[in-house]
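Biologist: Could you walk me through the helices, the charged contacts and the surface of this protein?

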Amino acid sequence: MELGDPREPREPRPGAETAAAPLWEETKTFYDNLAPKKKPKSPKPQNAVTIAVSSRALFRMDEEQRIYTEQGVEEYVRYQLEHENEPFSPGPAFPFVKALEAVNRRLRELYPDSEDIFDIVLVTNNHAQVGVRLINSINHYDLFIERFCMTGGNSPICYLKAYHTNLYLSADAEKVREAIDEGIAAATIFSPSRDVAVSQSQLRVAFDGDAVLFSDESERIVKAHGLDRFFEHEKAHENKPLAQGPLKGFLEALGRLQKKFYSKGLRLECPIRTYLVTARSAASSGARALKTLRSWGLETDEALFLAGAPKGPLLEKIRPHIFFDDQMFHVAGAQEMGTVAAHVPYGVAQTPQQAAPAKQAPSAQ
């Protein structure tokens, strides 16, 4: 091989390898920053706390609903396709979903390999072609929703158990009643009359007691025999736990996730906080409610016994992401004070069946 032959192997200059390493690391970091960020892996449905949300609960679709009602499904689909690059505005369930995702981020930091987190499923009877606009909207707001159920006009309720649904939220009262009849925790969600800022770092969920967490046993006593008999009944049965109501399982799931933070010494910094907001009075009927929760191994962080006073002003102070109640009177009062409220159509208060507001007509969810 001749001197100077470019094919001749050469000894590296002293320090050359050391100098090249930082340059390579800088180049790699530059291209890593350009690459799309990898989203977390979806949990297996059977391991997660699954929240199924309809498209009209997650997003505002008032104009689309008007077209569907007045002009029919074909014009509705055409309109959606023409506007598929325009994201929907956030709907009543949007802050709740964002709060669920904030909790998930904390759980993944503490338990990187655990699938015991919230899993959000978009459930809609929309045609699959409308899915592009929904996907675009979800990506626009950087939501982590990987599971979709689009049923093309059929009711999606039959799929909820297959998704291991722990809670179903919809703007369609009829579908919510179908879910309740199937034994699935469900509620019709309503937009508040005014926007109120809610926590970005702590999920806050408020529950009514009777016919929501508990059965409607006590409400039946009130309806049939009046308050005096109710107080006597509660005192006599103070140590007998009430039967479970439709949302007991959801509170149980929230409690399980709370304990994951407690076990890390983060009780006071827990990003989940629960509230019992009940019309019961503490002295005459509160003990049975608390003892029932205790018998289930459950608790709420706060218990507010209002003795028949309006719930709206207290909810305005709590600022929950969602409040569940079985009576539309309390749902409307919460709405007026800026709270996202959800009606649970269960128990004696629904007889005769409470009519949903006009805006909750049958719809393309």
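Modeller: A word on terms first: helices here are DSSP runs of H or I with at least four residues, numbered from the N terminus. Please also keep in mind that this is a predicted model.

Biologist: Fine. Where does F231 sit, then?

Modeller: F231 is in helix α9, which covers residues 227–236. With a relative accessible area of 30%, F231 is partly exposed, and together with V222 and L227 it makes a nonpolar surface patch of about 220 Å².

Biologist: What about charged patches, which residues form the negative one?

Modeller: The negative surface patch is formed by E174, E178, D181 and E182. Of these, E178 lies in helix α7, residues 173–181, and counts as partly exposed because its relative accessibility is 30%, with partly exposed covering the range between the buried limit of 20% and the exposed limit of 50%.

Biologist: Switching to α4, which of its residues are buried?

Modeller: In helix α4, which runs over residues 73–82, the buried ones are Y76, V77, Y79 and Q80. These residues lie on the same side of α4, because they cover an arc of only 160 degrees around the axis.

Biologist: And which exposed residues are on the face turned away from that buried side?

Modeller: That face of α4 carries the exposed residues E74 and E82. E82 counts as exposed because its relative accessibility is 51%, and the cut-off for exposed is over 50%.

Biologist: Which residue does E82 form a salt bridge with?

Modeller: E82 forms a salt bridge with R78, and the closest N and O atoms of the pair are 2.1 Å apart. Both residues lie in helix α4, four residues apart, which is about one turn of the helix. R78 is partly exposed, with a relative accessible area of 36%.

Biologist: How many salt bridges are there in the model?

Modeller: The count comes to 21 salt bridges. One of them joins the side chains of E63 and R66, at 2.5 Å from N to O; these two residues both lie in helix α3, residues 62–71, and are three residues apart, about one turn of the helix.

Biologist: Are E63 and R66 buried or exposed, or something in between?

Modeller: Something in between: E63 is partly exposed, with a relative accessible area of 34%, and R66 also counts as partly exposed, at 33% relative accessibility.

Biologist: What about D216, is that one buried or exposed?

Modeller: D216 is buried, because its relative accessible area is 7% and buried means under 20%. Its side chain meets that of R220 in a salt bridge of 2.9 Å, N to O, and R220 counts as partly exposed at 46% relative accessibility.

Biologist: Which residues are linked in a network of salt bridges?

Modeller: The network of salt bridges links D210, E217, E234, R280 and R288.

Biologist: Last topic, the strands. Where does E302 lie?

Modeller: E302 lies in strand β10, which covers residues 302–305, and at 26% relative accessibility it counts as partly exposed.

Biologist: And what separation do you get between the C-alpha atoms of E302 and Y275?

Modeller: The C-alpha atoms of E302 and Y275 are separated by 4.8 Å, although the two residues are 27 residues apart along the chain.

Key
Residues are numbered from 1 along each chain as its sequence is written. This is a predicted model: local features need pLDDT of at least 70, side-chain atom pairs count only at pLDDT 80 or more; totals for chains, interfaces and linings use all residues. Side-chain values use heavy atoms; hydrogens and water are left out. Patches are made of residues with over 30% relative accessible area and no salt bridge: like charges are joined within 9 Å, nonpolar side chains (Val, Leu, Ile, Met, Phe, Trp, Tyr) within 5 Å. Accessible areas come from the Shrake-Rupley method with a 1.4 Å probe; for residues, only the protein chains shown count as cover. A salt bridge is a side-chain nitrogen of Lys or Arg within 4 Å of a carboxyl oxygen of Asp or Glu. Lys and Arg count as positive and Asp and Glu as negative; His and the chain ends are not counted. The place of a charge is taken as NZ of Lys, CZ of Arg, CG of Asp or CD of Glu. Buried means under 20% relative accessible area, exposed over 50%, partly exposed in between (1.4 Å probe, protein chains only). The arc is that of the directions from the helix axis to the C-beta atoms.
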